[in-house]
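Subject: Structure handover

Hi,

Here is the structure I said I would pass on.

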Amino acid sequence: MNEQEFDIVVIGAGPAGEAATYLARERGASVAVVDRELFGGSCPFWACMPSKSLLHASAVHVAGGDYDWDRASARRDYMISREGTDFPSDAGHVHGLEASGATVIRGIGRLAGRGRVTVSVGEKTQTLRARNIILAVGPNSKAPKIDGLDTITPWTHREATSIRRRFSPQFVRRS
């Protein structure tokens, strides 16, 4: 198991984790930032940016503007760096963090004792040592315990803001 040492390790690279990383680098600290998925977090890819883009399109459409679903979907994909692919690209976030001098590690970070973080990347694990550790893990959707909910696939913010096909829900009245 290889070990690296930093002044600060940040677990979670959403808006709070990115801000902490940039501030620490501006102050001269050595920083590793770890995230298991997309650097930038939910906001630019699944929440704030795509929802605002789709709401903008809806507002234009409702006001009588020519803004069909295909155009709205394409604009949303552009806004979340998902043009021509099924999954957004966080390359801009990674590049910015690396350009600031931070060490970027994509993997699952876990506290492993005082001043220690283990990072799992597939079968490999590495240990990071730090004088300070910042937890900025952000939100995750949770499904409530409702009878029958486990028999369907509910939509979270990810499904709602990333669908590409036109969706026409069918409402069924239950007796």
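A disulfide here is a pair of cysteine sulfur atoms within 2.5 Å. With that cut-off, a search of the whole structure turns up zero disulfides. (Buried means under 20% relative accessible area, exposed means over 50%, and partly exposed is in between, using a 1.4 Å probe and protein chains only.)

Some housekeeping before the rest. This is a predicted model, in which local features need pLDDT of at least 70 and side-chain atom pairs count only at pLDDT 80 or more, while totals for chains, interfaces and linings use all residues. Residues are numbered from 1 along each chain as its sequence is written, and side-chain values use heavy atoms, with hydrogens and water left out.

On to the core. By nonpolar core I mean a set of buried Ala, Val, Leu, Ile, Met, Phe, Trp, Tyr and Cys residues joined through side-chain atoms within 4.5 Å. The largest one has eleven residues: I8, V10, A13, A24, A29, V31, V33, F39, V94, L97 and V104. Two or more of these residues come from each of β1 (3-11), β2 (31-35) and α5 (91-99). (Helices are DSSP runs of H or I with at least four residues, strands are runs of E with at least two, and both are numbered from the N terminus.) Apart from this core lies another, of ten residues, including F6, I11, I105 and A130.

Leaving out neighbours within four places in sequence, V33 is in contact (heavy atoms within 4.5 Å) with V10, G12, A13, T21, F39, L97, T103, V104 and I105.

Next, the pocket. The largest pocket has a volume of about 590 Å³, where volume is the space filled by probe spheres set on the points, and points are joined across faces, edges and corners. Its lining has 31 residues, and D35, R36, V137, P139 and N140 lie nearest the centre. By class, the lining of the largest pocket has 14 nonpolar, twelve polar and five charged residues. (Ala, Val, Leu, Ile, Met, Phe, Trp, Tyr, Cys and Pro count as nonpolar, Asp, Glu, Lys and Arg as charged, and the others, Gly among them, as polar.) At least two lining residues come from each of α1 (15-26), β2, α2 (42-45), β4 (108-111) and α6 (157-162). β4 gives the most, with four residues.

- P50 is found in helix α3 (residues 48-62) and is buried, with a relative accessible area of 0%. Beyond its sequence neighbours within four places, P50 is in contact with C43, P44, F45, R76, I80 and T161. P50 and M79 are 29 residues apart in sequence and 6.9 Å apart in space, C-alpha to C-alpha.
- H93 lies in helix α5 and is partly exposed, at 23% relative accessibility. With neighbours up to four places away set aside, H93 is in contact with E18, Y22, F39, G40, P44 and F45.
- S100 is in the loop between α5 and β3 (103-106), and touches Y22 and R25, again not counting residues up to four places away in sequence. S100 and P50 are 50 residues apart in sequence and 27 Å apart in space, C-alpha to C-alpha.
- R116 is in strand β5 (residues 116-121) and is partly exposed, with a relative accessible area of 28%. Leaving aside residues within four places in sequence, R116 is in contact with R110, L111, T127, L128, R129 and I133.
- S81 sits in the loop between α4 (69-79) and α5. Its phi is near 55°, a positive value in a residue other than glycine. S81 is partly exposed, with a relative accessible area of 39%.

Cheers

Key. 1 Å grid on protein atoms, 1.4 Å probe; cavity = no way out; pocket = protein on both sides within 12 Å on 5 of 7 lines; lining within 4 Å.
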